[in-house]
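These are notes for a colleague who is opening this structure for the first time. Please read them beside the sequence and the model.

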Amino acid sequence: MNEIFVAAHHYQDESIIREADLVADSYRLAVEAAQSDARFIIVCGVRFMAESVATLARPDQTVIHPVADAGCPMADMITREQAERAMERIAAATGKEAAPLTYMNSSNAIKALTGARCGSICTSGNAHKIMKSFLNGERSIFFMPDRNLGMNTARELGVPASETCIITAADLDSARQLPPARVYLWDGFCPVHRIFSPADIEAARNEYPGITVTVHPECDPEVVVAADSSASTEGMFREIDESSWGSVWGIGTEMHFVERMKKRYSNKKIIALHRSCCHDMVKIRSEHLDRIQAEIRANPDGPIQGTIHIDDEERDNARAALLRMVELTNA
Ligand code: SF4
């Protein structure tokens with residue numbers, strides 16, 4: 001049994017990827033890292049990823065996040081208090097409490113609220129399936145924090161724009177009554193994916209006729225509509241892997257992933273639609289990993305810098321929301 005398990009997100013730098021036991025998207029990171037036998041799990045990704053692993057890990061496992069301020073700007077765009085107030089406003093507009101459907105890219109406090117209100121977590125890879133199951137229910141959906149993933153998924157499922165409603169922080173302080181809607185969306189966004197534009201896609205199509213363009217669903221809806229497909233990082237990986245020799249791909253996601261795809265598939269032409277870096281992801285460097293591994297080996301029973309601690313009630317509720325996602329994904 002390995003004492004230490006290193007889990008890394010696809011957007012990490014190559015120096016981290018080389019050291020990792022698992023390289024995955026946020027869904028597989030949370031589910032598979034927590035299933036490892038190791039006593040110590042080091043999560044090389046942003047903070048919410050380490051929190052999710054810690055929420056699902058066994059009590060005898062220690063989950064470590066190497067750099068405390070490697071956070072996700074999108075996850076920080078909504079607080080628990082704002083989410084609770086938004087849900088009150090939705091209940092006032094619809095007469096019923098909404099079902100919270102929360103993107104994995106959120107704080108543990110928001111995940112815990114989701115679990116406490118019988119909602120679910122989703123990722124970009126399973127949002128379609130999970131939103132569909134919630135649309136079959138009686139409650140309207142409150143999707144947070146990424147308006148683009150929520151909007152793109154609702155559109156794919158045939159929800160007209162007129163039945164969606166974006167809620168901003170300013171709305172919580174205004175007297176405006178929210179309109180009734182099937183899907184309410186918090187106004188959060190990913191700065192890394194918001195950079196992509198339809199003009200990037202047009203430029204790629206002009207330069208490489210016949211190119212297949214795939215973008216992340218955190219991109220703006222007009223970018224997703226202009227692309228040939230939208231997919232999670234894991235989904236893009238599969239699409240490229242299964243494509244034919246010599247195929248040409250335009251990719252709209254974080255640049256470290258695109259650079260790795262270029263090196264890995266030298267028999268295919270892969271271009272970045274735009275070079276866009278998640279600066280939080282790359283705060284973790286190999287020296288941080290080396291330092292933690294040395295610390296564990298020197299004193300495995302001592303306190304390890306970067307250990308994630310989660311309050312019991314928050315863990316139980318966040319866990320319920322994460323397990324609901326797993327159950328709906330496997331249904
Ligand atoms: S790519 Fe976007 S959503 Fe992902 S961690 Fe970076 S800022 Fe957050």
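1. The model is a predicted one, and the values below are computed from it.

2. Helix α5 itself is mostly covered, with 7 of its 9 residues buried. These are Asn108, Ile110, Lys111, Ala112, Leu113, Thr114 and Gly115. The cover over them includes the helices α3, α4 (80–94) and α14, together with β5 (99–103), β6 and β7 (141–144).

3. Helix α3 is likewise worth a look. It is mostly covered, 9 of its 10 residues being buried. The buried ones are Phe48, Met49, Ala50, Glu51, Ser52, Val53, Ala54, Thr55 and Leu56. They pack against β1 (4–9), α2 (26–33), β3 (40–44), β4 (62–64), α5 (108–116) and α14 (312–330).

4. Val31 lies in helix α2. Its relative accessibility is 15%, so Val31 counts as buried. Setting aside residues up to four places away in sequence, Val31 touches Leu56 and Val326. From Val31 to Gly119 the separation is 88 residues in sequence and 18 Å in space, taken C-alpha to C-alpha.

5. Which residues have the most contacts inside the largest nonpolar core? They are Val63, Met104, Met131, Ile141, Phe143, Val183 and Ile270, in a core of 67 residues. Helix α3 (residues 47–56) gives the most to this core, with 6 residues. A second, separate core has 18 residues, among them Ala83, Ala86, Ile167 and Trp186. As background, nonpolar side chains tend to be buried together in soluble globular proteins.

6. Phe143 can be followed in more detail. Leaving aside neighbours within four places in sequence, Phe143 is in contact with Leu101, Tyr103, Cys122, Met131, Leu149, Gly150, Tyr184, Leu185 and Trp186.

7. Ser124 is found in the loop between β6 (120–122) and α6 (127–135). Ser124 counts as buried because its relative accessibility is 18%, where the cut-off for buried is under 20%. Not counting residues up to four places away in sequence, Ser124 touches Tyr103, Leu149, His216, Pro217 and Ser232.

8. What surrounds the ligand? The residues are Tyr11, Val46, Cys72, Pro73, Met74, Asn105, Cys190, Val192, Glu218, Cys278 and Met281. Sorted by class, this shell holds 9 nonpolar, 1 polar and 1 charged residues.

9. How many aromatic pairs does a search of the whole structure find? It finds 1. The partners are Phe237 and Tyr265, edge-to-face, at 6.5 Å centre to centre and with 70° between the planes. Phe237 belongs to helix α11 (residues 233–242) and Tyr265 to the loop between α12 (255–264) and β13 (269–272), so the pair ties together parts that are 28 residues apart in sequence.

10. Are the two partners buried or exposed? Phe237 counts as buried, at 19% relative accessibility. Tyr265 is buried too, with a relative accessible area of 8%.

11. Arg194 lies over the face of Phe189, at 4.2 Å from the ring centre.

Notes. Residues are numbered from 1 along each chain as its sequence is written. This is a predicted model: local features need pLDDT of at least 70, side-chain atom pairs count only at pLDDT 80 or more; totals for chains, interfaces and linings use all residues. Side-chain values use heavy atoms; hydrogens and water are left out. A nonpolar core is a set of buried Ala, Val, Leu, Ile, Met, Phe, Trp, Tyr and Cys residues joined through side-chain atoms within 4.5 Å. Buried means under 20% relative accessible area, exposed over 50%, partly exposed in between (1.4 Å probe, protein chains only). Helices (H or I, at least four residues) and strands (E, at least two) are DSSP runs, numbered from the N terminus. Contact means heavy atoms within 4.5 Å. A residue is near a molecule or strand if one of its heavy atoms lies within 4 Å of it. Ala, Val, Leu, Ile, Met, Phe, Trp, Tyr, Cys and Pro count as nonpolar, Asp, Glu, Lys and Arg as charged, and the others, Gly among them, as polar. Rings of Phe, Tyr and Trp (its six-membered ring) pair if their centres lie within 6.5 Å; planes under 30 degrees apart count as stacked, over 60 as edge-to-face and the rest as tilted. A charge sits over a ring if NZ of Lys or CZ of Arg is within 6 Å of the ring centre and within 35 degrees of the ring normal.
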